[in-house]
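The exercises below are meant to be worked through with the sequence and the structure open side by side. Try each task before reading its solution.

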Amino acid sequence: MTSDDAFHELCAHTLGLRDAAFIHQHVVDAYAAQTVTSATKPIKLTFVLAGLYLHLEQGFTGRAVQCAHMRLAARKRVWPTFTLPRERGALTVVDVVAAPPGTERTEAIDAWCAAVWAAYGGSHAAVAEFLRARGIV
């Protein structure tokens with residue numbers, strides 16, 4: 001199974017949950033953080049790193065992350081740039097899809113997000129400061 005196939009399968013699963021916490025947002029953020037390139041616009045990486053930070057460091061649900069994204073997008077601005085780490089986390093979307101649906105898959109999503117966030121360790125302080133300066137946290 002390719003990463004893209006696994007991502008689409010996982011999206012179908014998380015969107016089908018129709019859960020109030022909207023864990024689908026965490027899937028989108030983790031996958032994007034693992035697949036961005038140097039050609040990716042800074043707004044995308046800013047949003048996905050903000051989403052991972054808010055979820056893992058501040059306890060935001062996916063729905064709350066989505067609301068924070070809307071607040072950030074409300075004003076045009078110059079977006080910060082972040083250094084792309086060579087490694088983007090030991091877990092991938094393929095690992096998550098291999099977990100059985102239910103609690104195990106939800107836990108795998110969180111573990112995946114944590115692995116990806118850890119890979120961006122050099123950007124943690126800058127992401128936190130960016131969100132504090134904009135009144136998100």
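**Exercise 1.** Which residues of H6 are buried?

Solution. The model is a predicted one, and helix H6 covers residues 103-119, that is, 17 residues. Begin with its length: from the first C-alpha to the last, H6 reaches 25 Å, which is close to the 24 Å expected at 1.5 Å a residue. Next, apply the cut-off of under 20% relative accessible area, and the buried residues of H6 are found to be Arg105, Ala108, Ile109, Trp112, Cys113, Val116 and Trp117. An α-helix has 3.6 residues a turn, so residues three or four places apart point the same way. Finally, look at the partners: the buried residues of H6 pack against H1, H2 (24-35), H3 (42-58), H5 (93-98) and H7 (124-133).

**Exercise 2.** Determine how many disulfides the model contains, and examine Cys67 and Cys113.

Solution. A disulfide requires two cysteine sulfur atoms within 2.5 Å, and by this rule the count comes to 0. For Cys67, the nearest cysteine sulfur is that of Cys113, 18 Å away. For Cys113, the closest cysteine sulfur belongs to Cys11, and at 12 Å it is too far for a bond. As to accessibility, Cys67 is partly exposed at 38%, whereas Cys113 is buried at 0%.

**Exercise 3.** Describe the surroundings of Leu15.

Solution. Leu15 lies in helix H1, residues 3-17, and is partly exposed, with a relative accessibility of 45%. Leaving aside residues up to four places away in sequence, Leu15 touches Phe22 and His24. Gln25, 10 residues from Leu15 in sequence, is 9.4 Å from Leu15 in space, C-alpha to C-alpha.

Key
Residues numbered from 1 in each chain as written. Predicted model: local features only at pLDDT ≥ 70, side-chain atom pairs only at ≥ 80, totals over all residues. Heavy atoms only, no water. Buried < 20%, exposed > 50% of the residue type's maximum accessible area, 1.4 Å probe, protein only. Helix = DSSP H or I, 4+ residues; strand = E, 2+ residues; numbered from the N terminus. Contact = heavy atoms within 4.5 Å. Expected span 1.5 Å × (residues − 1).
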